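Reader: Could you walk me through this one, a helix and a couple of pockets at a time?

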Amino acid sequence: MPSIAEYIRNNHDDKKPVILAPDKGAENFAKEIAEILDTDYDYLEKVRLSPEVVKTKTKSISVENRSVIIVDDIISTGGTIVNAIDILKKQGAKKVDVVCVHPVLVGDAILKISAAGASSVKATNTLISEVASISVGKTIADHLKTLQ
């Protein structure tokens, strides 16, 4: 998360975006990044009806006229992210970017996320991907130093 927060700080136009987890499971990621950036965070409530069908319920967050960055650990098919983007757009978010740690991105996931209205899709370089532009090298090196 520190690598992602640093990337956002150095590359995002809005210095106080809403950091949003697409579900309760990713809330700690959003919280950690938001604390580093000193900005707001929240999560959307997700109910998985089947492996392919996800229903997302809004929380009481205000994203109207704000930039939002959705943060998740793994994006596979992109279905959860597409649903989150749709909800955020309906709530008036002016811009939605997507960041993840592990960009599995099966099939046309990037296309679906972009078509849903994401301004950008970025990920760490833990997996080879066309969107893997955030290096976790420093984070890994710093952690290895603590093991000595």
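Author: Exposed means over 50% relative accessible area, buried under 20% and partly exposed in between, with a 1.4 Å probe and protein chains only. Helices (H or I, at least four residues) and strands (E, at least two) are DSSP runs, numbered from the N terminus. This is a predicted model, where local features need pLDDT of at least 70 and side-chain atom pairs count only at pLDDT 80 or more, while totals for chains, interfaces and linings use all residues. Residues are numbered from 1 along each chain as its sequence is written, and side-chain values use heavy atoms, with hydrogens and water left out.

Reader: Which residues of helix α2 are buried?

Author: An α-helix has 3.6 residues a turn, so residues three or four places apart point the same way. In α2, which spans residues 27-37, the buried set is Glu27, Ala30, Ile33, Ala34 and Leu37.

Reader: What covers the buried residues of α2?

Author: Contact here means heavy atoms within 4.5 Å. The cover includes α1 (2-11), β1 (18-21), β2 (41-43) and β5 (67-75).

Reader: Which element gives the most to the lining of the largest pocket?

Author: A pocket is an open set of points on a 1 Å grid over the protein atoms alone, where a 1.4 Å probe fits, with protein on both sides within 12 Å along at least five of seven lines; lining residues have an atom within 4 Å of a point. For the largest pocket, β3 (45-48), β5 and α3 (79-90) each supply at least two lining residues. The top contributor, with five residues, is α3.

Reader: What is the volume of the second largest pocket?

Author: Its lining draws at least two residues each from α1, β8 (132-134) and α5. A volume is the space filled by probe spheres set on the points, which are joined across faces, edges and corners. For the second largest pocket that comes to about 200 Å³.
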